[in-house]
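Visitor: I would like to learn how to read a helix in a model like this one. Could you take me through it step by step?

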Amino acid sequence: MIRAARRASLWQAALLTLVFVASPLAVAAQTLTINAAGDALRVQARNFNFLEGPVLARLKEGRSVRVDFELTVLSKPEGATVKQAVQGFTVSFDLWEERFAVSRSGAPPRSISHLRANDAESWCLENLTMSISSLGIGRDTPFWLRLVYRVQDLAPVAEGPGDRYTLQALIDRLSRRREEADLAKSVSGGPFKLP
Amino acid sequence: MHSLRGKLIVAFIIATLVPLGATIWITTSLLERSLGYATTEELNRLSRTLEGTVRQFYQRERDSLKREALDSRVVPTAYPAASISNWPEDVRAFWESGETERSSLSGPGGDHLDFMRKSAGGVDVYRRDLGGIRMQELSEEFRRTRELVGSLESRDLRRGFTLTLLLLVAVVWVVSLAPILFIAHRISSPIRQLTAGLTGFAAGQWDRRLEKGRDDEVGQAVDAFNGMAEQLRRSRERLVYLTQMSSWQSLARKTAHELKNSLTPIRLTVEEMLARQPLADRAFMDQAVQIVVSEIETLERRVRAFSEFASEPPVNPEVFDLNVLIAERVALLKPAHPDTAYTFRLDVRGPRVHAGTDLVKGILTNLLENAAEAAGAGGSVMTVSHSQGGQVVVEVHDSGPGLNHEARRTLFEPTITFKKRGMGLGLSIARKNALLLGGDITLVNGELGGAGFRVTLPSAPESHAAAV
């Protein structure tokens with residue numbers, strides 16, 4: 001029994017070590033870089049994938065997914081917000097061609113189709129821009145960035161009755177499984193300086 | 001839970017929970033079976049299979065079209081760059097993209113497949129009819145099917161139906177428990193009242209009565225309790241009165257005996273003393289002896305009254321018409337009180353009494369005499385007779401001054417008088433005799449402004465009444 005307990009402790013220690021080693025690697029893998037095109041500041045996030053897991057599963061069900069990106073310029077890590085840009089995209093999947101299509105909401109709307117997953121993700125980031133002149137930051141002033149995406153309403157839409165006080169509504173409410181929370185992911189980086 | 005109410009509630013719970021449990025079990029079993037017919041897994045599998053098949057079809061058609069295009073076996077539609085403004089949207093989007101070739105659906109519902117390829121002067125579009133298979137409609141159908149599968153998988157219908165059933169059953173059960181609590185309270189409340197009444201009665205609360213709330217069995221039980229309590233109270237009062245009377249009679253008997261023993265020699269001695277007195281001194285002696293003899297006679301009357309009070313008259317019950325006896329007693333009384341008016345309100349059926357005639361005569365004489373004396377000259381006396389609850393009732397009312405509280409309290413106690421004449425034993429003797437006959441005398445509200453007495457006497461059985 002003592003031997004079994006010791007073996008279990010060794011396993012736990014190994015697992016903890018793996019977690020400690022793997023975590024910085026995982027964080028380091030999602031790095032942010034910036035570039036400028038005229039007055040527009042753009043970001044690139046290596047390995048910052050969102051067309052995977054439950055999002056991809058939903059797209060392959062034939063449904064579209066709304067993804068909201070939020071790019072925040074910070075004066076220091078976890079510091080005050082200097083400026084924030086929010087942009088929403090609607091992603092869909094061509095079941096037969098197995099390619100993605102993305103539409104940018106807002107003005108001016110833009111859309112593109114026949115993209116692979118990585119290309120669709122990159123296109124979204126390319127269309128998430130921020131005006132450099134509106135930042136009010138000097139060329140030598142360091143700043144930090146936080147990029148967040150949120151995928152809304154991942155759970156299938158339960159077509160329940162509109163009236164809440166009917167027998168059908170009661171059955172619907174009591175039969176619902178635990179709904180998945182909105183999926184969100186973020187990556188931060190810095191310090192940056194304006195190019 | 002030892003109370004009747006608690007037991008009723010427990011009985012309801014036991015009686016309802018078992019069938020409810022059985023009903024729920026049967027319903028959930030049926031539900032289980034019915035849901036077994038609607039298999040989401042089957043739908044899921046079919047949609048996936050269909051999706052794979054359609055994709056294979058599409059990709060085969062796409063690859064085939066591409067091969068034919070590259071082999072120049074299909075004639076393309078050329079879109080020269082010079083006329084880009086007239087291009088269809090999808091062709092222009094392809095031209096602007098970085099791709100060199102692209103396949104896409106076109107036509108109504110996507111029933112055609114286009115293969116677009118950039119050339120030196122523009123875009124060549126190769127088109128193939130998919131044989132009426134509308135791919136975009138199939139996409140939409142697939143999306144709806146997957147949505148349905150997703151919607152079904154997002155729900156545990158078995159759990160939903162079961163919880164709804166349990167919830168509704170619980171609500172109905174709790175709602176039905178409320179009237180049971182009310183009914184249990186209504187049933188147990190009068191029984192608790194009865195129990196409290198009986199307990200109080202056993203503890204000596206002879207005047208305790210219950211309020212009759214309704215006409216069902218419980219109401220009848222309350223009636224029976226009240227009747228029994230009244231009977232017991234009266235019986236007890238009679239018993240107490242008769243016990244007191246027995247003591248008073250014993251005392252009266254002894255007193256009468258002792259007085260009688262002394263009075264006779266006293267009287268003889270005084271008369272002898274008068275006889276032996278010389279004639280010269282007879283005047284004073286005559287007067288003295290007359291006073292002594294008068295007092296002795298008064299004492300003798302008292303002795304006789306005491307003897308009568310102490311006597312146990314024989315009760316020889318017989319059936320007679322009470323109205324006749326009343327008329328006779330009043331006729332005898334009238335000469336002694338000629339200025340008193342006598343009225344009657346008698347039962348025309350002639351109530352038959354089964355009692356000792358002499359004792360009833362004595363009772364009536366006493367009450368009528370008292371009433372006439374109380375009414376005085378110019379006053380009135382009313383006699384009433386009727387039957388009530390298996391008894392015959394006689395009431396005598398007078399227009400006299402009535403009785404005060406003290407008189408009402410000690411009215412039937414012996415040796416107390418409120419008249420100038422008499423011994424004060426008349427009412428005591430009358431009540432004693434009424435009790436001996438199985439009836440009673442009670443004081444009632446006088447209808448003529450004075451006193452009123454009610455005599456109850458046993459009525460004659462039907463067979464006797466018919467025979468007379």
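Guide: Gladly! Helices (H or I, at least four residues) and strands (E, at least two) are DSSP runs, numbered from the N terminus, and the expected span of a helix is 1.5 Å times one less than its number of residues. This is a predicted model, in which local features need pLDDT of at least 70 and side-chain atom pairs count only at pLDDT 80 or more, while totals for chains, interfaces and linings use all residues. Residues are numbered from 1 along each chain as its sequence is written, chains are lettered from A and ligands numbered from 1 in the order in which they are written, and side-chain values use heavy atoms, leaving out hydrogens and water.

Visitor: What span should helix α5 of chain B have?

Guide: Helix α5 of chain B covers residues 157–202, and at 1.5 Å a residue its 46 residues should span 68 Å. Its end C-alpha atoms are 65 Å apart, which agrees.

Visitor: Where does α5(B) bend?

Guide: A bend at a residue is the angle between axes fitted to the seven residues ending there and the seven starting there. In α5(B) there is a bend of about 25° at Ser188(B), with a proline, Pro190(B), following within four residues. After the helix comes Gly204(B), with a positive phi near 105°.

Visitor: Which residues of α5(B) are buried?

Guide: Buried means under 20% relative accessible area, exposed over 50%, partly exposed in between (1.4 Å probe, protein chains only). Among the buried residues of α5(B) are Val169(B), Trp173(B), Leu177(B), Ala184(B) and Ser188(B). The buried residues pack against α4 (167–175) of chain A, and against α1 (4–37) and α6 (217–276) of chain B; contact means heavy atoms within 4.5 Å.

Visitor: How do α5(B) and α6(B) lie relative to each other?

Guide: Two packed helices are described by the angle between their axes and the distance between the axes. Axes are lines fitted to C-alpha atoms, for helices over the stretch in contact, and angles run from 0 to 180 degrees between N-to-C directions. The axes of α5(B) and α6(B) come within 10 Å and cross at roughly 10°. The two helices are therefore roughly parallel to each other (angles under 35 degrees; over 145 is roughly antiparallel, 65 to 115 roughly perpendicular and the rest oblique). The contact includes Pro190(B), Leu194(B) and Phe201(B) of α5(B), with Phe225(B) and Leu232(B) among the residues of α6(B).

Visitor: And the chains as a whole?

Guide: Chain B has twelve helices and eleven strands, and of its 468 residues 35% count as buried. Chain A has four helices and nine strands, with 33% of its 195 residues buried.
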